[in-house]
Amino acid sequence: WNFIVQKSDFYNEIVEISSDATATSSGAITKLWYTTLRKPFYQLSALFCAILSGMILWSEATLSIPAKFVSPFAVMMSISEALVNANDGNLFLWLLRPLTALLPFVYMAWCVYGSLFKLSLFGSYQLRGQRTSSDLALLFNAQYLVRLQFPLGYNYLYLLKYNDNDTISSTCAFASLMKNMETVPFFGTSFGVYAPLLILALCGFTLFHGYARILSACGIDHEDAIFLNSTEDSDSSLETKVNEGITLLRRSRQQQQQQNNPSIQMTSSHTIV
């Protein structure tokens, strides 16, 4: 709640900058970002992330197909390798190959680790904002982060179709290390190919608001359920909740002003009497 109040005060200060003729250059830049630049930047970022997510989902769905042309990332790597071989000595093209391989992997890691840190299923081991996480929570999540990096990297090699190379032991040391899993029946062979298909079901569940529908059916008052079942006539509509939040913020601001200025509190008490 305190964080929400601080954010509200911050946005109020941004609004007041436009009416202040003596505003500093940093304040003007902050106002320009929040009023003009932030929306198109987030829209372009959302479009970029949507394209990457679609490429990842398509690649995960076609893991069992050995052909490289079905994986967008494998095609990108093949094109970058061809450009590097055709223009030997070009520094930009030499950097293009690792960047082409690194960018999708960084995005996948960001999605995986970001979701892990937002989970609230670990009880006292979950991470909390404002630097209030305990030492055990930090160690617990760091341990899971280390555990996830190996299957994530192995899955990304499948997306690049590196597993189809006959000389894999000489071209990719990590894949050569993970190849020892093939001694384990099912979990070390075909499981790594077909298990990622579950992400398609999870994405479909999210796309059709399955989580919000379950919360709404259970009668749980949650923001996702409010956005899904928002109607103007209902008490749980989005507009009603927004007005309720504005009222609470104003009441909190009045209480803060009364604490900072006792004369306001005395005046209000006399008015009530």
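I then listed the contacts of leucine 159, where contact means heavy atoms within 4.5 Å: leaving out residues up to four places away in sequence, leucine 159 touches Ser59, Glu60, Leu63, Ser71, Phe73, Ala74 and Met108.

**Basis of the entries.** Residues are numbered from 1 along each chain as its sequence is written, and side-chain values use heavy atoms, with hydrogens and water left out. Because the model is predicted, local features need pLDDT of at least 70 and side-chain atom pairs count only at pLDDT 80 or more, whereas totals for chains, interfaces and linings use all residues.

**Whole chain.** I find 13 helices and zero strands in the secondary structure of the chain. Buried residues (under 20% relative accessible area, with exposed over 50% and partly exposed in between, for a 1.4 Å probe and protein chains only) make up 21% of the 273 residues. Of the contacts with a separation of 6 or more, 49% are between residues 24 or more positions apart.

**Serine 8.** I looked up serine 8 in helix α1 (residues 2-17); serine 8 is buried because its relative accessible area is 14%. Not counting residues up to four places away in sequence, serine 8 touches Leu249 and Arg253.

**Salt bridge.** I find one salt bridge in the structure, a salt bridge being a side-chain nitrogen of Lys or Arg within 4 Å of a carboxyl oxygen of Asp or Glu. The side chains of glutamate 81 and arginine 97 meet in it at 3.2 Å, N to O. This pair links distant parts of the chain, with glutamate 81 in helix α3 (residues 72-86) and arginine 97 in helix α4, 16 residues apart. Glutamate 81 counts as partly exposed because its relative accessibility is 25%, and arginine 97 is partly exposed with a relative accessible area of 36%.

**Aromatic pairs.** I searched the whole structure and found 11 aromatic pairs, where rings of Phe, Tyr and Trp (its six-membered ring) pair if their centres lie within 6.5 Å, and planes under 30 degrees apart count as stacked, over 60 as edge-to-face and the rest as tilted. Phenylalanine 10 and tyrosine 34 form an edge-to-face pair, 5.3 Å centre to centre with 75° between the planes. That pair links distant parts of the chain, phenylalanine 10 in helix α1 and tyrosine 34 in helix α2, 24 residues apart. Phenylalanine 10 is partly exposed at a relative accessible area of 28%, and tyrosine 34 is partly exposed at 26%. I also noted the tilted pair of phenylalanine 41 and tyrosine 42, 5.9 Å centre to centre with 50° between the planes. Phe10, Tyr11 and Tyr34 form one aromatic cluster.

Key:
Helices (H or I, at least four residues) and strands (E, at least two) are DSSP runs, numbered from the N terminus.
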